[in-house]
Every structure is written in C-alpha cells, then in structure tokens.
Amino acid sequence: MKITAIDIYRLSIPMEPFVIATGTMDYAQNTFIRIHTDTAIYGVGECSAFPMIVGETQDTCLVLARDFAQIWKGKDPLAISERLAELDLYIAGNRTIKSAFDMALHDLAAKHAGLPLYKYLKGSRREITTDITLGIAGPEEMALKARRLQDEGAVMLKVKLGKDPSTDVARIREIRKAVGFEMPIRIDANQGWSYEDALEALKGLEPFKIQFCEQPMRTWNDALLPQLRSETIVPLMADESVYSHHDAERLCKADACDYINIKFSKSGGIQEALKINQVAEEYGIACMIGGMLESRLALAAKVHFAYAAPNVKFFDLDTCMVGHLEDPVIGGIQYEGYKIHIADEPGIGADISSSFLDKCERWTV
C-alpha cells in the first residue's frame with residue numbers, strides 16, 4: 001500500500017466563546033486530513049490547535065500539514081512508527097498537527113485489518129461516562145449553569161479555575177451550594193496559579209470534596225509539585241506538564257502528581273499516548289483522556305484509545321459539547337446523555353460531511 005495524495009482542510013467550527021485561565025476561544029481551530037492510498041481505503045485525522053497551551057495555531061498546522069504530506073507521498077502508511085519518526089526528524093514539537101497524521105495512519109491500518117481501531121489496538125469495550133466543562137465566569141453565573149447542567153443529566157463537572165484564589169474558592173463554594181456534595185467536581189487551573197496562589201486556593205477548596213486539580217501551576221514549577229502535594233489533600237493531575245512518555249517518567253519518579261491527563265494534541269497522537277499511559281501504569285498512576293476543542297471525529301478516536309488503555313480511568317470527552325454551534329461529523333462518538341458509545345465499524349468509524357468540507361479551505365498534496 002502506498003500513499004497517493006493527502007487532502008488538508010481548514011476545519012473551523014463556530015462556537016460560543018469559551019473562557020479558561022489562559023484565554024478565550026470563539027471557534028475551534030481544527031485541521032482535518034484524509035490520507036488517500038493506491039487502494040480503496042483512506043484514513044482520516046483531526047487535530048484542534050489551542051495556541052495558548054500548545055503553541056500552535058490553525059495556520060501553523062496547515063502549513064506543516066502540507067510539508068508532512070510531501071514527506072509521506074509515495075510511502076507505506078502501514079509502517080506507522082517509521083512515518084511518524086520522519087515527522088519528528090523534520091521538525092521538533094508541533095505535536096498537535098502530528099496527532100492528526102498519527103490518527104489518520106491508525107485509521108488506515110485498522111481499516112486495512114478490517115477491525116475497529118480499538119480491536120486493532122487489542123482493546124475491548126467498557127462503559128465510559130464523560131464529565132462536562134464549565135468555563136470561567138462569576139461565581140453566581142457558574143453556579144446557575146452547574147445546576148442547569150445537573151438538571152439536564154450531567155453526572156460530573158469539570159470546572160475551569162486559575163484566577164484569583166479567593167474568587168476561585170467562591171466559585172466552587174457557590175457551585176457546591178447549587179449542586180450539593182454528591183456530584184463529583186474536578187477542577188482545572190490551566191497553569192493559572194503561582195505556587196503561593198495554588199496553595200491558598202487548594203487549601204481553601206479542601207472542604208468542597210474536589211476529585212482532583214489539573215495543572216495548578218506553570219510547567220516551569222514542576223519541581224514544586226511534590227511539595228504542593230504534601231501541603232494539600234486535593235489530588236493533583238499533571239496536564240501541560242506531560243507531553244511525552246519522558247515527561248511522564250520524570251514526574252512519576254519525582255512523586256509529582258497523582259494522575260496524568262493524556263491529550264493527543266500534546267502527545268502527537270495515539271502512538272505516544274499509549275507510551276505515556278504505559279509509563280503511568282507502571283508507577284500506579286491512573287490517567288485521563290482529554291482534549292482541546294475537537295469534533296466528534298477525533299473524540300471517537302479517543303474512545304478507541306481508552307478502550308485499549310484500561311489504566312485510563314477518567315474521561316473528559318465533552319469538547320464538542322462545550323459550545324460547538326455546528327456538527328459536521330458523520331458517525332463518530334455518540335452520546336446517550338453523558339454516556340459514550342461508538343460503532344463497531346472498521347477504523348475510527350467517522351468522517352466529515354462533504355457538504356461541510358465544501359465550505360472549507362482545502363489543499364491537496
């Protein structure tokens with residue numbers, strides 16, 4: 001099998017403004033690719049650029065996608081490790097756009113094998129329920145939204161924090177008043193706190209039954225994570241601190257976190273995500289699968305990954321639910337309330353509708 005052409009699309013999905021500690025997004029800056037071969041099989045991949053976290057934009061993804069396509073044209077897509085190594089040799093970092101190419105290769109390989117991706121990865125089905133994310137707003141506004149989500153069937157909340165510690169504590173206090181103490185709440189500071197702010201905030205949040213706190217500080221403060229863990233009962237989850245399995249090894253060895261959040265846009269895709277999970281599992285550290293602002297296509301790939309990685313215990317697979325105003329996906333992840341399902345079709349089992357793609361800027365290499 002040989003790669004004959006690669007289609008690259010600017011997959012901009014309009015959305016309601018979404019606020020986190022590091023900025024505001026008003027559309028999903030996604031890239032979609034199709035890898036065509038000299039057979040009837042093609043593979044699809046999607047990534048979602050989040051500039052304030054990964055340092056990539058939709059435009060940087062689109063430029064590099066054309067370079068990557070040139071590198072791969074005429075080569076064997078089933079040699080996944082070799083193909084991905086070529087991208088790392090060409091440019092360091094830029095894991096977001098690499099993740100779309102990784103995803104498309106895995107989709108192709110599973111289709112070639114006639115298997116759903118999770119079976120190709122030696123996984124098996126299990127029950128998955130996602131949280132739902134609350135962006136940053138005033139305490140009362142966030143509490144009202146939390147209660148509305150609870151009334152609509154949400155079973156756990158992920159709350160964005162990372163601003164002034166006292167106001168962040170007030171946000172959770174009001175949310176707990178609104179939803180009670182039975183509903184699990186996890187928080188995400190998105191690197192927004194200094195060490196002193198993190199300590200103040202987490203101490204103040206201890207009475208409110210917090211499941212864990214994602215990425216309390218900037219990554220350059222990783223050396224302070226073990227100390228912070230010793231000062232609070234709130235478990236800490238590393239997110240932006242872990243891009244690779246080498247990062248996971250470093251933090252696990254230092255007893256710097258209780259959990260790790262895996263995202264394809266940080267890891268470069270499924271291949272590295274599996275390595276991160278393996279390292280974490282060896283240290284007894286459970287993982288979460290999360291994302292940026294992907295559509296139901298990339299989210300389906302994440303479910304396949306989770307089926308193949310039993311050490312992934314937490315699921316933050318709501319990215320298309322946090323304000324996407326249009327759904328261009330055929331197939332893909334399906335929601336029954338907040339429970340998640342995927343079909344047993346070969347590959348990822350998802351594509352983007354031609355009517356949506358007809359409106360998108362496109363390049364073919």
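Analyst: A residue lines a pocket if one of its atoms is within 4 Å of a pocket point. A pocket is an open set of points with protein on both sides within 12 Å along at least five of seven lines. The model here is predicted.

User: Which residues lie nearest the centre of the second largest pocket?

Analyst: Asp88, Arg95, Ser267, Gly268 and Glu272 do. In total, 19 residues line the second largest pocket. Each counts because it has an atom within 4 Å of a pocket point. The space in this pocket is about 300 Å³.

User: Which helices supply at least two residues each of that lining?

Analyst: α3 (80–90), α4 (95–113), α10 (245–253) and α12 (270–282). The largest share comes from α3, with 4 residues.

User: How does the lining of the second largest pocket divide into nonpolar, polar and charged residues?

Analyst: It has 5 nonpolar, 8 polar and 6 charged residues. Asp88, Arg95 and Glu272 are among the residues nearest the centre. They count as charged because Asp, Glu and Arg are in the charged class. Gly268 is also among those nearest the centre. Gly counts as polar in this scheme, so Gly268 goes there.

User: What is the volume of the largest pocket, and what lines it?

Analyst: Its volume is about 420 Å³. The lining has 21 residues, and Glu16, Thr133, Gly135, Lys145 and Val322 lie nearest the centre. β1 (3–20), β4 (132–134) and α6 (139–151) each supply at least two lining residues. α6 gives the most, with 5 residues. The lining of the largest pocket divides into 12 nonpolar, 4 polar and 5 charged.

User: What makes β8 and β9 a pair?

Analyst: Two strands pair if DSSP finds at least two bridges between them. Strand β8 (residues 236–238) and strand β9 (residues 259–262) have 2 bridges, so they pass that cut-off. Their sense is parallel. Methionine 237 has tyrosine 259 in β9 as its bridge partner.

User: Why is the crossover from β8 to β9 called β-α-β, and what is its hand?

Analyst: The chain leaves β8, passes through α10 and reaches β9. The crossover is right-handed. That means the path runs clockwise when the strands point away from the viewer.

User: Which domain does UniProt place at residues 139–235?

Analyst: The unreviewed entry names "Mandelate racemase/muconate lactonizing enzyme C-terminal". Over residues 139–235 the model is 47% helix and 13% strand. The end C-alpha atoms are 23 Å apart.

Conventions:
Residues are numbered from 1 along each chain as its sequence is written. This is a predicted model: local features need pLDDT of at least 70, side-chain atom pairs count only at pLDDT 80 or more; totals for chains, interfaces and linings use all residues. Side-chain values use heavy atoms; hydrogens and water are left out. UniProt positions are given in the numbering used here, feature names are shortened, and annotations may be inferred rather than shown by experiment. On a 1 Å grid over the protein atoms alone, a cavity is a set of points where a 1.4 Å probe fits but cannot get out, and a pocket is an open set with protein on both sides within 12 Å along at least five of seven lines; lining residues have an atom within 4 Å of a point. Grid points are joined across faces, edges and corners, and a volume is the space filled by probe spheres set on the points.
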